[in-house]
Number of protein chains: 2
Amino acid sequence: MLENKNQDLTPISTLGEFGLIRHLTEKFSLKNPSSELGVGDDAAVIFHEGKRMVVSTDLFAEGVHFNLGYVPLKHLGYKTVVANLSDIAAMNAVPTQILVSVAVSNRFPVEALEEIYSGIALACGKYKVDLIGGDTTSSTSGLVMSITAIGAADQDKIVTRKGAQENDLLVVTGDLGGAYLGLQILEREHAVFLANPQMQPEMEGYDYLLERQLKPEARTDVQEILEGLEIVPTAMIDISDGLASEVLHLSKQSEVGFRIYENKVPLDPLTVSTAEEFNISPVMCALNGGEDYELLLTIAPKDFEKIKNHLDFTVIGHAVELSQGNHLVLSGSNELAEITAQGWKHF
Amino acid sequence: MLENKNQDLTPISTLGEFGLIRHLTEKFSLKNPSSELGVGDDAAVIFHEGKRMVVSTDLFAEGVHFNLGYVPLKHLGYKTVVANLSDIAAMNAVPTQILVSVAVSNRFPVEALEEIYSGIALACGKYKVDLIGGDTTSSTSGLVMSITAIGAADQDKIVTRKGAQENDLLVVTGDLGGAYLGLQILEREHAVFLANPQMQPEMEGYDYLLERQLKPEARTDVQEILEGLEIVPTAMIDISDGLASEVLHLSKQSEVGFRIYENKVPLDPLTVSTAEEFNISPVMCALNGGEDYELLLTIAPKDFEKIKNHLDFTVIGHAVELSQGNHLVLSGSNELAEITAQGWKHF
């Protein structure tokens, strides 16, 4: 879209900084009772009577977190919000507000920003969160987005990364590895396109994986499911950098080790077949890929009965003494492989 | 500092993303009772019993908001925090927490980030706010910082931009125009340096202006002063983009016009003499310069007696009917000049 010179595109300079913010945010109305004042003043105002407020922020940079060669701007807006709401969900809290800042070079017309904000609006509607603030500015190159998400929780329901006990069960929501394979497909087809722009990309049949990569969802539904099951996890984290990286975070902060059973890691059939196509192990996609935005939690052994037949959860292992380290129990051989992956290294 | 090849500088890659965050934030301890959980989990946790929470976010991009050719990194860290706390002060709230995200290209060593964070730590100490979260990531070029500030206030003490009434007095804290002239001096000396690196910069005698530009302070003291005087402003905004721009914001949102008396605008003697040196009007520096981070407020006429002899405040004008517009009353002639300046246009 950015390369189509035939369209009448609007330079950002025609609106000015304040005009641009107003233009992009005027269609966002406040829906949460806790959002007392939104965009348009020096600060926004929130009131959560008696609740803990949970706050998280993330920065997304072009060329590092996304490639505009194959990520549509609307999807980018949606996904950046989802990534942040996932952090709120990982605290067992309910997301309520977001603030969004965008830095863009003047190669982006107003219409490009409108696309990003249409994705943000879609996410706000789906997750019932209000956009209450932000900033727009120019940058000397590239697009940078910063999102801050706010949520609310009762004090005794907040779940951190610290709290897993020996013998607790390690549980994951949904299935893993799909987003990573979606990225491999996009990169493959983008490389083909760059080599020969006449070639049609071969995306058919990969819908689920592409959606996992381009339009992931945050598991904000899990808080309610757990409440219904009367389970408060002992620890929780969202899976944004790959299962291995997140397990090591839980291990470090809870001071326990983990055993993960290779044959228990939940994989979609399409993840398995596509991983084979790329000659990689599907479990490695789950361990070292990223951006699945599922939740990884530990629960007390006594809660096993409540969760064992629930379709949203899979028990993949358990906590052991810290000195025993973190290992993958390999299928067949039952040998232990040390988990050392560091997830995505951005630097 | 970045150009000194003789020092042993540490590439960011040696720490990795998680190691870097830990390294930069481990010396920050939590001091506010409302900061229940800080850096190191999916999100931070805050609890302000019965209070409104006030939230603001700003993005700062290299080459747009700052030039690393003459802004020391420690000052940059300090100033970006101050700019955000100023927004919280402008709501008549007390800042309590910040979240800081930084995107840097790999031309920055770990030591550069340490400098930025030492400035952030200095501001946290001075303003008694806790660093409770953030993100670090690489960028394809340049440095981008995103700061989110959180504060607390009683519901009936929050002051927005909306609420100024006809005949209210327009009041400003401190003096204006200094930060803009500080920037002019830095840019002049930087240009001299680029032309001839052997030349020593001529900065002597400009200390106050340079400090206004490089190490501004947020007027978080004003909330307490106003409480002591038993004044709740009818509207308030911080002066980050110049007096003219801020008056127009108050005018638009409060639906009143303003008269500002040219000879009432508070100026430091050094601002006046330096403006003359640059052949510009000192009042224009106050109107169209920026980054003074003073507060602009309106108060009911009945509160005039409480404020008239207070050294922190200057009454510079009053509100009129919206249809009368916004004007500067020129000294001597008493003629009206329309206020149209848009402050800093970043695009």
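The dialogue below goes through annotated sites, the contact between chains, and a few single residues.

Q: What should I know about the model and its numbering?

A: This is a predicted model, in which local features need pLDDT of at least 70 and side-chain atom pairs count only at pLDDT 80 or more, while totals for chains, interfaces and linings use all residues. Residues are numbered from 1 along each chain as its sequence is written, chains are lettered from A and ligands numbered from 1 in the order in which they are written, and side-chain values use heavy atoms, with hydrogens and water left out.

Q: Where does UniProt place the feature "binding site"?

A: UniProt positions are given in the numbering used here, with shortened feature names, and annotations may be inferred rather than shown by experiment. The unreviewed UniProt entry puts "binding site" at Asp42(A), Ser56(A) and Asp87(A). These positions span 46 residues of sequence and are also spread in space, with up to 25.8 Å between C-alpha atoms.

Q: Is Asp42(A) buried or exposed?

A: Buried means under 20% relative accessible area, exposed over 50%, and partly exposed in between (1.4 Å probe, protein chains only). Asp42(A) counts as buried because its relative accessibility is 4%. You will find Asp42(A) in the loop between strand E1 (35–37) and strand E2 (44–46) of chain A; helices (H or I, at least four residues) and strands (E, at least two) are DSSP runs, numbered from the N terminus.

Q: Which residues is Asp42(A) in contact with?

A: Contact means heavy atoms within 4.5 Å. Leaving aside neighbours within four places in sequence, the partners of Asp42(A) include Ser56(B), Asp87(B), Arg161(B) and Asp238(B).

Q: What does Asp87(A) touch?

A: Not counting residues up to four places away in sequence, Asp87(A) touches Ser56(A), Asp58(A), Asp238(A), Asp42(B) and Ala43(B). Asp87(A) sits in helix H2 (residues 73–89) of chain A and is buried, because its relative accessibility is 9%. Its side chain also makes a polar contact of 3.4 Å with the side chain of Ser56(A). A polar contact is a pair of N or O atoms within 3.5 Å; within protein, one must be able to donate a hydrogen and the other to accept it, and residues adjacent in sequence count only if both atoms are side-chain atoms.

Q: How many residues does the contact take from chain A and from chain B?

A: The contact takes 70 residues from chain A and 70 residues from chain B. The size of an interface is often given as the accessible area lost when the parts come together. Here chain A and chain B bury about 5500 Å² between them, 58% of it on carbon and sulfur atoms; the area (1.4 Å probe) is summed over both parts.

Q: How many salt bridges does the rule find across the interface?

A: A salt bridge is a side-chain nitrogen of Lys or Arg within 4 Å of a carboxyl oxygen of Asp or Glu. The rule finds six across the interface of chain A and chain B. Arg52(B) forms a salt bridge with Glu36(A), where the closest N and O atoms are 2.6 Å apart. On the side of chain A that touches chain B, strand E3 (residues 52–61) of chain A gives the most, with nine residues.

Q: Where does Glu62(B) lie?

A: Glu62(B) is in the loop between strand E3 (52–61) and helix H2 (73–89) of chain B. Glu62(B) is buried, because its relative accessible area is 16%. A polar contact of 2.6 Å joins the side chains of Glu62(B) and Arg107(B).

Conventions:
Buried area = accessible area lost by both parts, 1.4 Å probe.
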